[in-house]
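Okay, everyone, thanks for coming.

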Amino acid sequence: MKNISKIKWPISLLVLIMVFTLSCKDNEEPNNNTNNNNNTGNNNENPNSEINQWIYGIMDFWYYWTDNMNPPLSATEDPVDFFNELLVQEDRFSAIYPDYDELINSLEGVSKEAGYEFGLYRASSTNNNVIAEVFYIKKGSPAESKDIKRGDIITHVNGTVMTLANYRTLLKEMEEPHTLTTHRYDEDERSYVQLPEDISLTTTILSEDPIFMDSVYNIEGHKIGYLVYHFFTPGDDVEPSDNNQNAYGVYDQEMDEKFAQFKAEGVQDLIIDLRYNGGGFVSSAINLASLIGLGVTDNDIFFQTRYNNTIQAEYIRQFGEDELSKEFVTKTENLGGQLNNSRVYFLTSDRTASASELVINGLKPYMDIKIVGDTTYGKNVGSIALEDEENEDNPYGLLPVVSQSFNSLDQSDYSNGFVPDVLAREFEERLMPFGDTQELLLRKAIAYITGIPDNARVEKLDRKDVGASIEHKPRFGTMVDNQFKLKLE
């Protein structure tokens, strides 16, 4: 027998998970035998043994591909290696983290940092230098009070030039106080010029608001609403009000308020910017989709979930097959009925992932979806966050894939991402401020809406993308079900 720990959920929802025990695959239990060539003591004294038994128990029951899971390594192996060895070849997403609390904090937008995100590029085909281009500065962060802007180029960290050989090491140094050597585009010089002084940055525990900005434009007779959303999290719980019975948390409530403003201002074209949105919590994806979908109510299916055979059967036994579906929420702030051609525009990149793609896929049966940007990441599977509550010496957190998502038409064909209707890769142009109508992705979306061709003459950049800071956050590529209610007895 093996004990499966409770799930500790990060926000207060009606979650009914209980501790339970299950039989396991006897022929695939972690090997506890001591190798006489490598071990001299009792294997039970190795702290990895109990941790790895827990990992195997979790994966054996919850893992979406549990029937094809790889045989486990010895129970004395490093837990990270032990976990990764279990994963099937098609699984790009399941992950183990050294600290469960840090995992949950990151999913909720809380982390220790200086407060800026950036993309990484090969500086030139003729050398191995790497540059970082600032994507955005977070509100209330140490970086906000410094002279650093979207589009600035970082070449040195702590006085060391970034290269293909060392940039990963320098990224770790950015987690502590550090200095940056930066360059900014000079319109007169028509080139990037190094700023006279290095920027010194501290780090702090920062709680990031995922709603970065919103605006309304009047362009060629079109009232266009624009909202930048960086990740899905409900925020701290709030009590529903008389005017808003559907708020899950402060950020979901803030989103409702933004849409109420769009509705009051008569917005008829809607652009949602998800270019840096790598995912997050399902409840906030439901909230956003419910504000957009044409005529959707709590009687309409947003998406359907499929688990492995054991979980699927137990879910149906307890709740019936209908409970495998997640419905929209009826919202008075819903904007769908006002939108021209029943259409919504999403700005995307190859880092638009998971819960972002869930929203796009879930709205497709109800609306005309237009995508401007790059092909999305391609993640149609979901996870739950798990910790070991019975072993205080086990700090690890698991985020295994446990489900696959389908829309109301039973479609889940985006494992290779959603292909844009209008291709626009932002790393091919110099970055403009968010909300600037000459910024590449926003400019392309406005041209699509108004029907006026984009004739902007801009310098095209020849760059090779080598990564981004947002890819190193646990929330990237996640679709975490924080409304899972299976009760296991």
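I'll go through the cavities and then the rings.

Bear in mind that this is a predicted model. So, how many cavities of 30 Å³ or more are there? The count comes to 4. The largest cavity holds about 120 Å³ of space. It's lined by 15 residues, and the closest to its centre are S349, D350, R351, E426 and F427. By class, that lining has 7 charged, 6 nonpolar and 2 polar residues.

The second largest cavity comes in at about 80 Å³. Among the residues lining it are Y136, H230, F231, Y276 and R475. Here the lining has 5 nonpolar, 3 polar and 2 charged residues. Keep an eye on R475 and F231, by the way: R475 lies over the face of F231, 3.9 Å from the ring centre. There's another arginine like that, R463, over the face of Y121 at 4.8 Å from the ring centre.

Now the rings. We get 23 aromatic pairs. Take F302 and F328, which are tilted, with 5.1 Å centre to centre and 55° between the planes. That pair links distant parts of the chain, 26 residues apart: F302 is in strand β17, while F328 is in the loop between β18 and β19. Buried or exposed, those two? Both F302 and F328 are buried.

And why does the pair of Y414 and F418 count as stacked? Their planes are at 20°, with the centres 4.8 Å apart, and planes under 30 degrees apart count as stacked. Y414 is buried at 0% relative accessible area, and F418 counts as buried at 8%.

Last one: ring pairs link F135, Y136, F212, Y276 and F434 into a cluster. Y136 and Y276 also line that second largest cavity.

Terms used. Residues are numbered from 1 along each chain as its sequence is written. This is a predicted model: local features need pLDDT of at least 70, side-chain atom pairs count only at pLDDT 80 or more; totals for chains, interfaces and linings use all residues. Side-chain values use heavy atoms; hydrogens and water are left out. On a 1 Å grid over the protein atoms alone, a cavity is a set of points where a 1.4 Å probe fits but cannot get out, and a pocket is an open set with protein on both sides within 12 Å along at least five of seven lines; lining residues have an atom within 4 Å of a point. Grid points are joined across faces, edges and corners, and a volume is the space filled by probe spheres set on the points. Ala, Val, Leu, Ile, Met, Phe, Trp, Tyr, Cys and Pro count as nonpolar, Asp, Glu, Lys and Arg as charged, and the others, Gly among them, as polar. Rings of Phe, Tyr and Trp (its six-membered ring) pair if their centres lie within 6.5 Å; planes under 30 degrees apart count as stacked, over 60 as edge-to-face and the rest as tilted. Helices (H or I, at least four residues) and strands (E, at least two) are DSSP runs, numbered from the N terminus. Buried means under 20% relative accessible area, exposed over 50%, partly exposed in between (1.4 Å probe, protein chains only). A charge sits over a ring if NZ of Lys or CZ of Arg is within 6 Å of the ring centre and within 35 degrees of the ring normal.
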